[in-house]
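Reader: I am new to this structure and would like to go through it by question and answer. Please show it, and then take my questions in turn.

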Amino acid sequence: MVMLTLMQGPEIYSGDSETIDKVIANLMQLIQLKSSNLYLHSQQVANYAVSVAAKMRLPREEIERIRLAALLHDIGHLTVPNAVLAKVPYLSTREMTVFKNHCNAGSYMLENIAQCQEHIPYIRYHHERWDGKGYPKRLKGVNIPLGARIISVVNYYDRFINPCTEHWEKTKEEAVKELQNMSGTAFDPEIVKAFIESLG
C-alpha cells in the first residue's frame with residue numbers, strides 16, 4: 001500500500017536542475033487540478049514573460065528565473081475557493097481580501113522548497129503597481145522586483161486576451177491600448193514598451 005504525504009524526503013531539496021523541473025511539474029499538476037484554465041493561463045503568462053525578458057536582453061539565468069516564477073505566479077489560487085475565483089473581478093470586499101491573499105499564500109507555499117527561493121519575490125509582488133497602489137506591500141517603482149513587474153504586465157494582458165481565461169473581453173488592440181494608458185501608473189513603462197514590441 002502506498003501512502004501519499006505532503007512531507008518530502010531530503011532528496012527533494014537537492015540542487016540539480018532535474019529536481020527543480022520535477023518540483024515545477026508537480027506544482028503545475030496541482031494548478032491543473034484546480035483549473036485547466038488557470039493552468040493554460042500560467043503557461044501563456046510564462047511564454048509572454050520570456051518574450052519580454054529576452055526583448056530587454058536580460059541574462060539567460062534571469063530569463064529562466066522569470067519563466068519559472070511566471071509559471072507559478074498564481075500558485076496561491078490553490079488556497080482561494082472556486083466560488084470566489086468564479087466571481088473575479090466582481091467580488092465583495094470580503095471576497096477581495098481572500099483573493100488578494102493569493103500572492104502571499106503562493107509565496108508561503110514555496111518558502112520551504114530550496115530551489116524556489118529566488119522565485120518567491122516575483123510571485124509575492126506580481127500584483128504591486130508602479131505607482132505604489134498595488135498589493136500586498138504597496139511597493140512602488142523600482143522597489144518592485146523586475147521579474148514581478150514583467151509578470152504584472154503580461155498577466156494583465158493575458159487575462160483579457162486569451163480564451164482560456166474567463167475575462168476574454170478585449171481584442172489585442174484594445175488590450176494593448178489599455179496597457180499603454182496604464183503605463184507609468186499601474187505598470188513599468190519600459191516593460192510595457194518591451195512587451196508591445198515583442199507582440200509585433
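Reader: In which loop does Val-142 lie, and is Val-142 buried or exposed?
Author: This is a predicted model, in which local features need pLDDT of at least 70 and side-chain atom pairs count only at pLDDT 80 or more, while totals for chains, interfaces and linings use all residues. Residues are numbered from 1 along each chain as its sequence is written, and side-chain values use heavy atoms, with hydrogens and water left out. Val-142 lies in the loop between helix H7 (120–124) and helix H8 (146–161), where helices are DSSP runs of H or I with at least four residues, strands are runs of E with at least two, and both are numbered from the N terminus. Buried means under 20% relative accessible area, exposed over 50% and partly exposed in between, with a 1.4 Å probe and protein chains only, so Val-142, at a relative accessible area of 65%, is exposed.

Reader: Which residues does Val-142 touch, not counting residues up to four places away in sequence?
Author: Contact means heavy atoms within 4.5 Å. The C-alpha atoms of Val-142 and Trp-130 are separated by 7.8 Å, and the two residues are 12 apart along the chain. With residues up to four places away in sequence not counted, Val-142 touches Trp-130 and Arg-149.

Reader: Which residues line the largest cavity?
Author: A cavity is a set of points on a 1 Å grid over the protein atoms alone where a 1.4 Å probe fits but cannot get out, and lining residues have an atom within 4 Å of a point. Grid points are joined across faces, edges and corners, and a volume is the space filled by probe spheres set on the points. The count comes to 1 cavity of 30 Å³ or more, and the largest cavity has a volume of about 40 Å³. Its lining is made up of Glu-128, Arg-129, Trp-130, Ile-144, Arg-149, Ser-152, Val-153, Ala-186, Phe-187 and Asp-188.

Reader: Is Pro-121 buried, exposed or partly exposed?
Author: Pro-121 lies in helix H7. Leaving aside neighbours within four places in sequence, Pro-121 is in contact with Pro-145 and Ala-148. Pro-121 has a relative accessible area of 29% and is therefore partly exposed.

Reader: Is His-102 buried or exposed?
Author: His-102 lies in helix H6 (residues 102–110). Beyond its neighbours within four places in sequence, His-102 has contacts that include His-73, Asp-74, His-126 and Tyr-135. Because its relative accessibility is 0%, His-102 counts as buried.

Reader: How are H2 and H10 placed to each other?
Author: Helix H2 (residues 36–55) and helix H10 (residues 189–199) pack at an angle of about 110°, with their axes 9 Å apart. Axes are lines fitted to C-alpha atoms, for helices over the stretch in contact, and angles run from 0 to 180 degrees between N-to-C directions. Angles under 35 degrees count as roughly parallel, over 145 as roughly antiparallel, 65 to 115 as roughly perpendicular and the rest as oblique. H2 and H10 are therefore roughly perpendicular.

Reader: Which peptide bond from Tyr-135 is cis?
Author: Most peptide bonds are trans. Pro-136 lies in the loop between H7 and H8. With omega near 10°, the cis bond is the one from Tyr-135 to Pro-136.

Methods: On a 1 Å grid over the protein atoms alone, a cavity is a set of points where a 1.4 Å probe fits but cannot get out, and a pocket is an open set with protein on both sides within 12 Å along at least five of seven lines; lining residues have an atom within 4 Å of a point.
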